[in-house]
Structure formats: C-alpha cells, structure tokens
Amino acid sequence: MKPTHACASRFRHIGLLLCSLTVIETLQAQTPEDSIALTGAAWETVETDNGLTIKSVDLRLFDSDQQIYCVEFNPQLHRLQLKQGEKRETVKRLGKKEANAEVAVNGGYFITKTKQAIANDFTKIDGVILTAGGGWGNGAIALDSAGRLHFIKNLPGVAAADSLWHTHYPNVMGAGPMLMYDNVQLIPLNYGDTKRHPRTVIGIRPDGTIILMVVDGRQEGADGMSPAELAWSCRMLDMSSALNLDGGGSSALWSRKHRVINRPSDKVAFIRIPRKVGNAVLVVPANSATN
C-alpha cells in the first residue's frame, strides 16, 4: 500500500529531524570541557632557547587520549627552510644534513611507490620547481625572498587561474587541507572524515609566532585527531592560519638537542621506526645562510 501524502510528509519531517539531531550531536563533539582542557593545559617544556620553545602535553580531549607537541618560535630570531633530497629519508636525517637546523618536522605528501623523493603537490625550493602540480592538497605554505611565511588556499584553483602565481615565492610546499585561514576555521565540525590519525601542522598566530604542531596517534595513550578536531585545536591554540601537512606514520618532530621527540606510529614488533619521507620543514637561525 502506498503511503498517503500526509504520511509521506511526516516521514520527510522525521528524516529531517534525525539529520538535524545527527548534526547537533556532531557539532557537540567539542565541548566546553574540551575548551578548558586545551586552553588550560599544563604544558611541559621540552626545550627553550633564543626565542624557540618546544613543549608537549598529555590530556583527555574529545573523549580520547591525546599527545600533542608544539614548536613555537619568533620569526625575527629563527626562520623556516624547506628541505628535499634526491631520495626519501627520515625527518631526523633531513634535519641532521642541514648543519644549522635546530628543529625539523615532516613536510607535504609524497609519492610512496618509489625510493626517490618526489612531492605529491606543488613544491618549489630555492627557486627550482620540483613538482609542478597535481596531487590532492588544497593549500600551501610559501616563503618569500625575505623568508616570511605566507599561506595560500585553494591551491589547484590558484594554479589553474594563474600559472605564475608562485613567482613571488622562491619556496613553496603544497599540502592540505587548509585548517585555518585569516582567523576562520575552514574545516567544519561536521566534516565527513572522522578518522583519527597522527597529524602534523604548520600555523601562525596573529602576533607572528610560527607554530609547528605534531599530534601522535594509532597507539596507546595517543588516539590522534580527525581533521575537524585538528582545525578546532588550531583555533583554540590561537592560530590565525594553519595548514595540515602529511600525517600518519610520517608525523615526526626532531630537534638537534633531543633527536626524535614524538612517538612515530610506524613500528616493527615493539620498536618505533621513523618513516622515510619526501621532504621536511626545518627551523634554522634567522641569520644562517641559505644553501
């Protein structure tokens, strides 16, 4: 028997109500308790020197265990440098190969079916385009000739509309998604991808402080974050713009003083095995020469 018009209408209303309740439940994933937990967290200082600080925190967030590491530095005292060799190497190795590097994190996505270091998204280092386009990243970081950090959103659209969009920047690294841009959170709380993984982020605060953040995951005591949880965390940590870099087993934080600081998720038996990645983002003294 076919439902009457009134019944069909009621079914539609019920369906809309259920969808609304689902959205509301998703939007409530980040609670006031989460805000208090993150903004009031007791961070442990791992390292601090000349305007650069590395800190970490273990806390309950989004009803899950989180292990977060943050590098914060003054761009007048330190600057970023992009690094990519001929072959894939660990973040530690890429950092150690640069004599002045103090800190390194993994960079953008890369082609995994080869031992060569081939970026997945647009990549330009020291004026040389290493990867011209393609990939799935929707944003990028760029360093101008003075070393200042810029964020570029809608990367495929920019590249398609203006093939010379990158000429002002000798260094560009594509990745994504863009999490924050000009104080606007771009990943909504009801974002479709809810899977938690290790993550790496580069961001900037309104006062110019640059942030490198690594979130551990896929292991006991560290569940990782979804894209929406990551974007929300960036906003709570006062990042005005932030770009998601490669993650998963690639997420790694190295410092010259403390070596690999986080706990990479890849392992053989009980031994953590840092993944060989395509490129890295380094922090070097502001007055150091560029190779």
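**Entry 1. Ground rules**

I noted that this is a predicted model, in which local features need pLDDT of at least 70 and side-chain atom pairs count only at pLDDT 80 or more, while totals for chains, interfaces and linings use all residues. Residues are numbered from 1 along each chain as its sequence is written, and side-chain values use heavy atoms, with hydrogens and water left out.

**Entry 2. Overview**

I found five helices and 20 strands in the protein. Helices (H or I, at least four residues) and strands (E, at least two) are DSSP runs, numbered from the N terminus. Buried residues make up 49% of the 291 residues; buried means under 20% relative accessible area, exposed over 50%, and partly exposed in between (1.4 Å probe, protein chains only). I also looked at contacts between residues at least 6 apart in sequence, and 71% of them join residues at least 24 apart. Contact here means heavy atoms within 4.5 Å.

**Entry 3. The sheet of eight strands**

I traced an open sheet of eight strands in the order E1-E2-E3-E14-E13-E15-E11-E12, with antiparallel pairing. Strand E1 (44-49) and strand E12 (184-185) each have a single partner strand, so one side of each is left without a neighbour in the sheet. Two strands count as paired if DSSP finds at least two bridges between them. Strands of a sheet pair through backbone hydrogen bonds, either parallel or antiparallel.

I then went back to the E1 end. E1 pairs with strand E2 (residues 52-61) over five bridges, in the antiparallel sense. The hairpin of E1 and E2 has two residues between the strands, and Asn-50 there takes a positive phi near 50°.

**Entry 4. Gln-67**

Is Gln-67 buried or exposed? I located Gln-67 in strand E3 (residues 64-73). Gln-67 counts as buried because its relative accessible area is 6%. A polar atom of its side chain lies 3.3 Å from the backbone oxygen of Val-57; a polar contact is a pair of N or O atoms within 3.5 Å, where within protein one must be able to donate a hydrogen and the other to accept it, and residues adjacent in sequence count only if both atoms are side-chain atoms. Not counting residues up to four places away in sequence, I listed what Gln-67 touches: among them are Ser-56, Asp-58, Val-214, Asp-216 and Gly-221.

I placed Met-180 in strand E11. Met-180 counts as buried because its relative accessibility is 1%. E11 (residues 178-181) and strand E15 (residues 241-244) pair in the antiparallel sense over two bridges, and the bridge partner of Met-180 in E15 is Ala-242. Met-180 and Ala-242 are 62 residues apart in sequence, yet 4.8 Å apart in space, C-alpha to C-alpha.

Leaving aside neighbours within four places in sequence, the contacts of Met-180 include Leu-186, Ala-231, Cys-234, Met-239 and Ala-242. I checked helix H5 (residues 227-236) next, and eight of its 10 residues are buried. Ala-231 and Cys-234 are among the buried residues of H5. H5 is followed by Asp-238, whose phi is positive, near 70°.

**Entry 5. The sheet of five strands**

I traced another open sheet, of five strands, in the order E4-E20-E5-E16-E17, with antiparallel pairing. Its edge strands are E4 and strand E17 (259-260), each pairing on one side only. Within this sheet, three bridges join strand E5 (residues 103-106) to strand E16 (residues 253-255). Val-105 has Leu-253 as its bridge partner in E16.

How many residues line the largest pocket? I recorded a volume of about 280 Å³ for the largest pocket and 21 lining residues, with Tyr-109, Trp-136, Leu-245, Asp-246 and Gly-247 closest to its centre. A pocket, on a 1 Å grid over the protein atoms alone, is an open set of points where a 1.4 Å probe fits, with protein on both sides within 12 Å along at least five of seven lines; lining residues have an atom within 4 Å of a point. A volume is the space filled by probe spheres set on the points, which are joined across faces, edges and corners.

The second largest pocket has a volume of about 230 Å³. Of its 13 lining residues, Pro-75, Gly-147, Arg-148, Leu-149 and Ile-210 lie nearest its centre. Strand E4 (residues 78-83) gives the largest share of this lining, three residues.
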